[in-house]
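Thanks, I have one model to go through today. Please look at the display first, and then I will talk through contacts, surface and aromatic rings.

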Amino acid sequence: MIRSSRARTFSILAAPLLLAACAHQVASAVQHTPGTPGFLLGVWHGFIFPVAWVLSLFMPEVAIYAVPNQGGWYDFGYFIGVVFLGVGANRSRTVYIERRIRR
């Protein structure tokens, strides 16, 4: 039973990775010119992602991702902005308080 659950878990995790391996980037979406967004704008766009996403639902001129951009560095900055600074950041703490009331 353990082997079948491990195999099932592995296949569930491997399927999206195999599907993502088929993805390719359109050459016109990447430009290495001075005016295109790079790493720092990627960090900023990742950080403001929640607000940009809500605005993009109602305003067609607002987008959550800049195209064209400088490629991998913009993507890395976007990832850093979302995960470490924005939505994915976990700033909460769990506080456990033990209190005994004597009567």
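Of the contacts in the protein between residues at least 6 apart in sequence, 73% join residues at least 24 apart; contact means heavy atoms within 4.5 Å. This is a predicted model, where local features need pLDDT of at least 70 and side-chain atom pairs count only at pLDDT 80 or more, while totals for chains, interfaces and linings use all residues. Residues are numbered from 1 along each chain as its sequence is written, and side-chain values use heavy atoms, with hydrogens and water left out.

The secondary structure is four helices and zero strands, in the order α-α-α-α along the sequence. Helices here are DSSP runs of H or I with at least four residues, strands are runs of E with at least two, and both are numbered from the N terminus.

Now burial. Of the 103 residues, 18% are buried, where buried is under 20% relative accessible area, exposed is over 50%, and partly exposed is in between, with a 1.4 Å probe and protein chains only.

Gly 46 sits in helix H2, residues 39-47. What does Gly 46 contact, leaving aside its neighbours within four places in sequence? The partners are Tyr 78, Gly 81 and Val 82. The C-alpha atom of Gly 46 is also 8.0 Å from that of Val 83, 37 residues away along the chain.

On to the surface. The accessible surface is about 9100 Å², and carbon and sulfur atoms account for 66% of that; areas come from the Shrake-Rupley method with a 1.4 Å probe, and for residues only the protein chains shown count as cover.

There is a nonpolar surface patch with about 1100 Å² of accessible area together, and its members include Phe 39, Trp 44, Trp 73 and Phe 76. Patch residues have over 30% relative accessible area and no salt bridge; nonpolar side chains (Val, Leu, Ile, Met, Phe, Trp, Tyr) are joined within 5 Å, like charges within 9 Å. A salt bridge is a side-chain nitrogen of Lys or Arg within 4 Å of a carboxyl oxygen of Asp or Glu. H2 and helix H4 (72-85) each supply at least two residues of the patch. Trp 44, in H2, is partly exposed at 46%.

Last, the rings. The structure holds eight aromatic pairs, counted when ring centres of Phe, Tyr and Trp (its six-membered ring) lie within 6.5 Å; planes under 30 degrees apart are stacked, over 60 edge-to-face, the rest tilted. Phe 39 and Trp 73 form an edge-to-face pair, 6.2 Å centre to centre with 85° between the planes. Phe 39 is in H2 and Trp 73 in H4, so the pair ties together parts 34 residues apart in sequence. Phe 39 is partly exposed at 31%, whereas Trp 73 is exposed at 58%. Together with Phe 76, Phe 39 and Trp 73 form one aromatic cluster.
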